[in-house]
Amino acid sequence: MIRLDRITKRFGATTVLDGVSLEVPRGTITALLGPSGSGKTTLLRIVAGLETPDAGTLALEGHEATHLPPGRRSIGFVFQGYALFAHMTVAENIAFGLRVRGTPRAARLEAAARWLTLVRLEGLGPRLPSQLSGGQRQRVALARALAVEPHILLLDEPFGALDRTVREELRTALRELQRSLGLTALFVTHDQDEARALADQVVTLDRGRIAQP
């Protein structure tokens, strides 16, 4: 589903990724594990189309995608800081991507209600993000990413700001959704226990390279 071949990325004189090659099988979760500055988030952003590599190629679903615009990649992205729109209700946040696509309002509302049920937030659609707990906001962010029915889900330290109990609950919910929907997912973490608990494949990055087992 995702194939990275000798990806290199530099910011000025600093090489952040140095010839990284990686395959993420369809319908699986792969964790990118490593310390801060190892290149994990940069690699995730290259897959999303938010950064362009200086060298190497990216293929998605068997098609060359190195320079494909983000909007044409069928990718959902969950950020560490939720990135919800404070002035929009929970339902409006979830339906935002569908609105951008021009989906009719009735269909957007139906989709938002369905995803609220799937992430166990029934009845909270009219609330604002400020009225939710951190765990609830992260569920909204996950629902928003999935509402556009992406083929690939990317998550950047999605549970880092949450306490252990909520992290474990959300990990379970994510795994259940991933399996039921057959999603391919790539997520960044620095937590070894989280990586092992959630991922089918764990890839460790160290100073821009994949560390050998």
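Which residues in α1 are buried? Let me take that as the way in, and answer it after a word on where the coordinates come from. This is a predicted model, in which local features need pLDDT of at least 70 and side-chain atom pairs count only at pLDDT 80 or more, while totals for chains, interfaces and linings use all residues. Residues are numbered from 1 along each chain as its sequence is written, and side-chain values use heavy atoms, with hydrogens and water left out.

So, to the answer: in α1 the buried residues are Lys40, Thr42, Leu43, Leu44, Ile46, Val47 and Ala48, where buried means under 20% relative accessible area, exposed means over 50%, and partly exposed is in between, with a 1.4 Å probe and protein chains only. That makes seven of the nine residues of this helix, residues 40-48, and so α1 is largely enclosed by the rest of the structure. The helix is followed by Gly49, whose phi is positive, near 90 degrees.

The protein has seven helices and 10 strands, helices (H or I, at least four residues) and strands (E, at least two) being DSSP runs numbered from the N terminus. With 213 residues, a compact globule would have a radius of gyration near 17 Å, and the protein agrees with that because it has 17 Å; the radius is taken over C-alpha atoms, and the globule rule is 2.2 Å times the number of residues to the power 0.38. Along the principal axes, the C-alpha atoms fill a box of roughly 45 × 40 × 35 Å. Of the 213 residues, 51% count as buried, and of the contacts with a separation of 6 or more, 71% are between residues 24 or more positions apart, a contact meaning heavy atoms within 4.5 Å.

Leaving aside its neighbours within four places in sequence, Ile94 is in contact with Ala112, Trp115, Leu116, Val140, Ala143, Arg144 and Ala147.

Next, α5 itself. This helix is mostly covered, with 12 of its 14 residues buried, and the elements that cover those buried residues include β6 (75-78), α2, α3 (96-100), α4, β7 and α6. At 1.5 Å a residue, its 14 residues should span 20 Å, which agrees with end C-alpha atoms that are 20 Å apart; the expected span of a helix is 1.5 Å times one less than its number of residues. Glu149 lies in the loop between α5 and β7, its phi is near 55 degrees, a positive value in a residue other than glycine, and at 56% relative accessibility Glu149 counts as exposed. A second case is Arg120, in the loop between α4 and α5, where phi is near 65 degrees, again positive in a residue other than glycine.

Finally, α6, which has 18 residues and reaches 26 Å from its first C-alpha to its last, close to the 26 Å expected. Its buried residues, which include Arg167, Arg171, Arg175 and Gln178, pack against β3, α4, α5, β7 and α7.

I would like to end on Gln178, which at 3% relative accessibility counts as buried. The side chain of Gln178 makes a polar contact with the side chain of Arg175, at 2.8 Å; a polar contact is a pair of N or O atoms within 3.5 Å, where within protein one must be able to donate a hydrogen and the other to accept it, and residues adjacent in sequence count only if both atoms are side-chain atoms. A polar atom of the Gln178 side chain also lies 2.9 Å from the backbone oxygen of Leu183. Leaving aside its neighbours within four places in sequence, Gln178 is in contact with Gly27, Thr28, Ile29 and Leu183. Just after α6, Gly182 takes a positive phi of about 70 degrees.
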